[in-house]
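Look at the sequence and the fold together before reading on. The paragraphs below go from strands to sheets and then to ring contacts.

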Amino acid sequence: MPVEITWWGHATCTVEDSGVRVLTDPLFARRLAHLRRRRGALPPPTAWRADVALVSHLHADHLHVPSLQRLAPGTRLLVPRGAPRAVPGLRRLAHLQVSEVSAGDETVIGDVVVRTVPARHDGRRLPVGPHRSPALGFVVQGEARTYFAGDTGLFEEMAKEVGPVDVALLPVGGWGPYLGEGHLDAGRAAEALARLDPVSAVPVHYGTYWPIGMDAVRPHEFHAPGEEFVRLAAERAPGVAVHLLGHGQSVRPRVAR
């Protein structure tokens, strides 16, 4: 069965490959601190079902303990090494099989291998403080090789560290009007696409959450990144098939040229 990608919003996706369901950065909240979900229905309970869930880094919009609590007993959970020490709530998730991973690790789940790769992003739990773990990306290797970047900036060794991939799930925006260092906007994501040279790509991490009371502040940064990425990708990586999904939509991307 071909790989199937479902985007639930923000950085949360389901990757189905070789009979294995992989869930990325689960976030099932209508509101998170100063953020509220402005577009797309909340993911249904079917989205909570996974064989393994991947957490890319400690920020609360990627490591959301209440969302992780909804996962079924026995679900594998891969988190950056040191995360349970930095986020005590993880230690209360006794119903999950939690494993700490570092860049270079490989985890076998059924007929799929999850390879952990580096990312360039702030690994702290809070904006300040000592609690941190390295930010990570993941490559899901089954019938296809699907790269989930998590949150990352461009870095020189990206193509070498990630390796050959068939599908790239790339962040193209954020949850606020400005993106700081360690993020990809639509232009930098298109450059990452040119470097990685996958067969297909899906833009994620945009158009879902926005700060309360800031609806009128730079709304272009909320609505436009997906379409802007499609336009720029056509210029910089014209051989890549880019799939612009709505919240809850799925695609079976092309994985061979």
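Which residue in E6 is the bridge partner of threonine 24? The partner is leucine 54. This is a predicted model, in which local features need pLDDT of at least 70 and side-chain atom pairs count only at pLDDT 80 or more, while totals for chains, interfaces and linings use all residues. Residues are numbered from 1 along each chain as its sequence is written, and side-chain values use heavy atoms, with hydrogens and water left out.

Threonine 24 belongs to strand E3 (residues 20-24). Strands (E, at least two residues) and helices (H or I, at least four) are DSSP runs, numbered from the N terminus, and two strands pair if DSSP finds at least two bridges between them. E3 pairs with strand E6 (residues 52-54) in the parallel sense, over three bridges. With strand E2 (residues 12-17), E3 pairs in the antiparallel sense over five bridges; there cysteine 13 stands opposite threonine 24. Two residues lie between the strands of the E2 and E3 hairpin, where serine 18 takes a positive phi near 55°.

Five of the five residues of E3 are buried, so this strand is largely enclosed by the rest of the structure. Buried means under 20% relative accessible area, exposed over 50% and partly exposed in between, with a 1.4 Å probe and protein chains only. In a regular strand the side chains alternate between the two faces of the sheet. Both faces of E3 are covered, with Val20, Val22 and Thr24 buried on one side and Arg21 and Leu23 on the other.

An open sheet of three strands runs in the order E4-E5-E15, with antiparallel pairing. Its edge strands, E4 (31-32) and E15 (209-211), each pair on one side only. Strand E5 (residues 35-37) and E15 share three bridges, and arginine 37 stands opposite tyrosine 209.

The whole structure has three aromatic pairs. Rings of Phe, Tyr and Trp (its six-membered ring) pair if their centres lie within 6.5 Å; planes under 30 degrees apart count as stacked, over 60 as edge-to-face and the rest as tilted. One of the pairs is tryptophan 7 with tyrosine 206, stacked at 5.3 Å centre to centre with 10° between the planes. Tryptophan 7 lies in strand E1 (residues 4-9) and tyrosine 206 in the loop between strand E14 (200-204) and E15, so the pair ties together parts that are 199 residues apart in sequence. Tryptophan 210 and phenylalanine 222 have ring centres 5.4 Å apart and planes at 70°, so their pair is edge-to-face. Both of these residues, tryptophan 210 and phenylalanine 222, are buried.
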